[in-house]
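Q: Could you take a close look at the aromatic pairs here and walk me through them slowly? I am new to reading structures.

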Amino acid sequence: MLSKIARRQFSTAGVSRLYIQNNLNNDQTHPSLQVDPGKKVYDFRSDTVTAPTDEMFEVMKAASRGDDVFQEDRSTKELETYVADLCGHEAGLFCSSGTMTNQLGLRTHLNNPPHSVVCDSRSHVFLWEAGGIAFHSRASVSPVICRNGIHVTADEIEGNLIEADIHTAPTRVVSLENTLSGLVLPIDEIKKISEMARDRGLAMHLDGARLWNAWQASGVPLHEYGAQFDSMSLCLSKGVGAPVGSILVGKRDFIDRARHFRKLFGGGWRQVGPLAAVAKHCIENIVPTMPETHKLAKYLADELTAMGVQLQVPVHTNMVLIDTTDVGLDIQRDLAPVLLSKNIVIGGQRAKSRIVLHHQIDRKGVDDLIQGVREAIAARAVEEPLRQQQAAASL
């Protein structure tokens, strides 16, 4: 008889999908209307779009210029030690992207196929890393449907674990993401999942691309999160605002092995000290400003919902995921052109958009976006009766 963790619960029930899951089209092409490059552009598509500042270039100019592949660069070593210490881990590895640090972390855990990774069905490692788990680690993925609409639970993860059997690819890694779509995964739930996983000898990996936001929103220090994971990937070019980079932390022998895989992946980089130095500068100077960004996001959400725009999920940090169905707006047809005329760029398709705030979005940009939505709703209210009249006349 199969044990409890071998009996996975498969479901064909319909599940509400977020914009980021089912809309690959992020087209911003409106040939007759573009932003004015001579004025400030407010880009709400992602927190990856922040531009390096003059101050950052001064920091980069003062950095060391050693060879990181030879592990001879001072600024890189300082960043790796700094972030590892913040997270309560022994060592760190500075890489070019969050996809790379996630894939290196998972590959370093997954040594002997057949094996699998269990994760949230909405997670970046499953949806947005080009099938890297299958390609790099020869592993399958068990995506877990989050029933509360916010975060996965220990019971849901446990119900999707796969035991070793001649027919299966047994679970070897539990991969969590915090934040996910701007939502904070509560530390108490993480602890339950970690305890359950470690009791079964499973590795715990965190995609913490926006863990900085979770830290600032929840007050839970990075080392408390870190105690629950064997490896953590933390992006430096999203909310942190650095030009490039992400960092993987874990035990020293784990990071040594990951460093070897980084070279195998073609990810070794040489005189990277300036990028490491500015990343550390951004952690120290931009991360503390995140609570203000979160307040702006909540203000934006409140103003939009007051106009009848629906939220796909609650606003915990810097993301506002909207659904404009009830106000009759198509993002690309009705809203994006109005916002482009105000030097505001958003992504989205049909009635859904993910609006992301970061340290280069200020109150004026948010107020201009709110006004743009208001104007688009008003214009649509005038256009829709005319369209219906024209449709009726053509019958």
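Predicted model: local features only at pLDDT ≥ 70, side-chain atom pairs only at ≥ 80, totals over all residues.

A: Let's begin with Trp 215, which is partly exposed at 24% relative accessibility (buried means under 20% relative accessible area, exposed over 50%, partly exposed in between, with a 1.4 Å probe and protein chains only). Residues are numbered from 1 along each chain as its sequence is written, and side-chain values use heavy atoms, leaving out hydrogens and water.

Trp 212 and Trp 215 sit three residues apart in helix H9 (residues 211–218), so about one helical turn separates them. Helices here are DSSP runs of H or I with at least four residues, numbered from the N terminus. The rings of Phe 261 and Phe 265 also make a tilted pair, with centres 6.4 Å apart and planes at 45 degrees. Rings of Phe, Tyr and Trp (its six-membered ring) pair if their centres lie within 6.5 Å; planes under 30 degrees apart count as stacked, over 60 as edge-to-face and the rest as tilted. Of these two Phe residues, Phe 261 is buried, with a relative accessible area of 5%, whereas Phe 265 is partly exposed at 26%.

Stepping back, the structure holds three aromatic pairs. One of them is Trp 212 with Trp 215, tilted at 50 degrees between the planes and 6.4 Å centre to centre.

Note on methods:
Helix = DSSP H or I, 4+ residues; strand = E, 2+ residues; numbered from the N terminus.
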